[in-house]
Amino acid sequence: MAVPALIPAALGAGALIGLVLGLVGGGGSILAVPLLVYAVGVKSPHAAIGTAAVAVTLNAAAGLAGHARAGTVKWPCAVVFALAGAFGAALGAEAGKAMDGQRLLALFGLLMIAVGATMLRGRRGEERPDVRLRPETARRLLPRLIPIGLGVGLLAGFFGIGGGFLIVPGLMLATAMPLRNAVGTSLVTVTALGLTTATSYALSGLVDWPLVAMLAAGGIAGAAAGIVLGKRLAGRRRVMEAGFAVLVIVVGAHVTWRGFA
């Protein structure tokens, strides 16, 4: 993408994705593909998916560094979940590239609607802050971590998304770890899945590298603004999450309609 007129749209798309990540701690990647197709003007849905995957990987890796320093990452659980997810992502990416682009967008829209509806329900269940993957707990945790990680990876690879909005609840379902740990731990998997999907699409020539740079630049500014705004609205986090869920559902409905139409 070397058209100067599209540079502001690309920077704006990156800023919006970063803003959402800074505000609600995840979910920005699910907006990346629709923004690239309908706002930036990327003609090929497959190129949009490949480009979004690279941008998501870079954002996740940057976020992971901060969480690792803060000690919120449960590394053994993260590694197992990421390995299972990366295997699923490799399979999902090949299946996604083989599907008609418009049909893929329509299915992506349906996924957005489902995710938005799940977010509106909120999080439930008892938390276990002390959960650890050790030899004595492996028999209980591995049968949950591996299949859930594989399933999340398949979806992430198929649709070219980071999958944080799927990985966080998946980790909490598998281990009952607190949300703060799940967010930090999820970034290991997001990075691994994004790298797997991005590599697959890059090898097929389906990544727009100048556009990746613009998304990253816009994302840095948007994330900084989102973090500041998020602190000011900390007491209304649930309202922000509900508003974002409604936005995801509305955009998903539009993407589905455009894909099938």
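**Note on an all-helical predicted model**

1. The chain has 10 helices and zero strands. The model is a predicted one. Read from the N terminus, its elements follow the order α-α-α-α-α-α-α-α-α-α. The radius of gyration is 17 Å, close to the 18 Å given by the globule rule for 261 residues, so the chain is as compact as a globular protein of that length. The C-alpha trace spans about 55 × 40 × 30 Å along its principal axes.

2. Burial and contact order may be taken together. Of the 261 residues in the chain, 50% are buried. Among the contacts with a separation of 6 or more, 83% are between residues 24 or more positions apart. Ile113 and Val248 lie 135 residues apart along the chain, yet their C-alpha atoms are separated by 6.6 Å. Ala217 and Gly12 are 205 residues apart in sequence, with a C-alpha to C-alpha distance of 9.7 Å.

3. The largest nonpolar core comprises 71 residues, and those with the most contacts inside it are Ile30, Val33, Leu36 and Leu145. Helix 3 (residues 45–70) supplies the largest share of this core, 10 residues. For Leu145, once neighbours within four places in sequence are set aside, the contacts are Cys77, Val80, Phe81, Leu133, Leu171, Ala174 and Thr175.

4. Helix 3 itself has 26 residues, and the distance from its first C-alpha to its last is 37 Å, close to the 38 Å expected at 1.5 Å a residue. Just after helix 3 comes Gly71, with a positive phi of about 75°.

5. Helix 5 (residues 101–121) contains 21 residues and reaches 31 Å between its first and last C-alpha atoms, close to the 30 Å expected at 1.5 Å a residue. Its N-terminal end is capped by Asp100, a side-chain oxygen of which lies 3.2 Å from the backbone nitrogen of Gln102. The buried residues of helix 5 are Gly101, Leu104, Leu105, Ala106, Phe108, Gly109, Leu111, Met112, Val115 and Gly116.

6. Ile113 also belongs to helix 5. Its relative accessible area is 29%, so Ile113 is classed as partly exposed, the buried class being limited to values under 20%. Not counting residues up to four places away in sequence, Ile113 touches Ile249, Gly252, Ala253 and Thr256.

7. How many salt bridges does a search of the whole structure find? The search finds one. The side chains of Lys97 and Glu94 form a salt bridge, with an N to O distance of 3.2 Å. Lys97 and Glu94 are separated by about one helical turn, because they stand three residues apart in helix 4 (residues 75–98). Side chains of opposite charge can pair when their charged atoms come close. Glu94 has 44% relative accessibility and therefore counts as partly exposed.

8. Ser200 is found in helix 8. With a relative accessible area of 10%, Ser200 is buried.

9. Helix 8 has 25 residues, which should span 36 Å at 1.5 Å a residue; the end C-alpha atoms are 35 Å apart, in agreement with that figure. Gly205 follows helix 8 and has a positive phi, near 75°.

10. Is Ala176 buried or exposed? At 16% relative accessibility, Ala176 counts as buried, since the class covers values under 20%. Ala176 sits in the loop between helix 7 (164–175) and helix 8 (179–203). Its phi is near 65°, a positive value in a residue other than glycine.

11. Ala217 is placed in helix 9 (residues 209–232). With 40% relative accessibility, Ala217 counts as partly exposed.

Key. Residues numbered from 1 in each chain as written. Predicted model: local features only at pLDDT ≥ 70, side-chain atom pairs only at ≥ 80, totals over all residues. Heavy atoms only, no water. Helix = DSSP H or I, 4+ residues; strand = E, 2+ residues; numbered from the N terminus. Expected span 1.5 Å × (residues − 1). Buried < 20%, exposed > 50% of the residue type's maximum accessible area, 1.4 Å probe, protein only. Polar contact = N/O pair within 3.5 Å; in protein donor to acceptor, adjacent residues only side chain to side chain. Salt bridge = Lys/Arg side-chain N within 4 Å of Asp/Glu carboxyl O. Core = buried A, V, L, I, M, F, W, Y, C linked by side-chain atoms within 4.5 Å. Contact = heavy atoms within 4.5 Å. Rg over C-alpha atoms; globule rule 2.2 N^0.38 Å.
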